[in-house]
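Please read it alongside the sequence and the structure shown here.

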Amino acid sequence: MRAFVAVASIESLAPMPKTTPVVGGALPLVGVAAVAGALLPVLDLGAGARRSSTRPPTERGGAASRPLVICLHEGERVGLAGVEVLAV
């Protein structure tokens, strides 16, 4: 699946943090993570290929080695995991 995020909505990139699952949370919600002193929901945009898992893969070179893209969506900050950053 290919999706593009408008550059105007991107606040920053951060190393993929440890996430805490949310009970009852369904994909693409991976969980929540503390980023720069704030608790953010983390969505796995690569979840379509990992329907049986609620966490991004942790193997070297997998989605977990990619940065967390922190975006502002409808006034709320959200982290996007499992995405490939093509340019900055």
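Helices (H or I, at least four residues) and strands (E, at least two) are taken here as DSSP runs and are numbered from the N terminus. The model is a predicted one, in which local features need pLDDT of at least 70 and side-chain atom pairs count only at pLDDT 80 or more, while totals for chains, interfaces and linings use all residues. Residues are numbered from 1 along each chain as its sequence is written, and side-chain values use heavy atoms, with hydrogens and water left out.

**Overall fold**

The protein contains 0 helices and 5 strands, and its pattern along the sequence reads β-β-β-β-β. Of its 88 residues, 32% are buried, where buried means under 20% relative accessible area, exposed means over 50%, and partly exposed lies in between (1.4 Å probe, protein chains only). Taking contact to mean heavy atoms within 4.5 Å, residues 24 or more positions apart supply 50% of the contacts with a separation of 6 or more. The accessible surface amounts to about 5900 Å², and carbon and sulfur atoms hold 58% of that surface; such areas come from the Shrake-Rupley method with a 1.4 Å probe, and for residues only the protein chains shown count as cover.

**The sheet**

Strands of a sheet pair through backbone hydrogen bonds, either parallel or antiparallel. In this model, 5 strands form an open sheet with mixed pairing, in the order β1-β4-β5-β3-β2. Its edge strands are β1 and β2, each of which pairs on one side only. Two strands are said to pair if DSSP finds at least two bridges between them. On average, neighbouring strands of this sheet are turned by 30° against each other, direction ignored; the axes behind this value are lines fitted to C-alpha atoms (for helices over the stretch in contact), and angles run from 0 to 180 degrees between N-to-C directions.

| Strand pair | Sense | Bridges |
|---|---|---|
| β2 and β3 | antiparallel | 6 bridges |
| β1 and β4 | antiparallel | 4 bridges |
| β4 and β5 | antiparallel | 5 bridges |

Individual bridge partners can be followed across these pairs. Leu 13 stands opposite Val 69 in β4, and Val 69 in turn has Leu 80 as its bridge partner in β5. Elsewhere in the sheet, Val 35 stands opposite Ala 38 in β3.

Val 5, Val 7, Ile 10, Leu 13 and Val 85 make a nonpolar surface patch of about 390 Å². Patches are made of residues with over 30% relative accessible area and no salt bridge, like charges being joined within 9 Å and nonpolar side chains (Val, Leu, Ile, Met, Phe, Trp, Tyr) within 5 Å. Val 5 is located in the segment before β1 (10–14) and counts as partly exposed, at 38% relative accessibility.

**Loops and backbone exceptions**

Most residues other than glycine have a negative phi, and most peptide bonds are trans. Against that background, a cis peptide bond joins Leu 27 and Pro 28, with omega about 15°, and Pro 28 lies in the loop between β1 and β2 (29–35). Ala 36, which is not a glycine, has a positive phi of about 50°; it lies in the loop between β2 and β3 (38–44) and is exposed, with a relative accessible area of 76%. Glu 74 likewise has a positive phi, near 50°, and is placed in the loop between β4 (68–73) and β5, where it is exposed at a relative accessible area of 71%. This turn belongs to the hairpin that β4 and β5 form with 2 residues between them.

Gly 46, in the loop between β3 and β4, counts as buried at 17% relative accessibility. Leaving aside residues up to four places away in sequence, Gly 46 touches Ala 81 and Gly 82. The C-alpha atoms of Gly 46 and Pro 28 are separated by 8.1 Å, the two residues being 18 residues apart along the chain.

Definitions and conventions: Salt bridge = Lys/Arg side-chain N within 4 Å of Asp/Glu carboxyl O.
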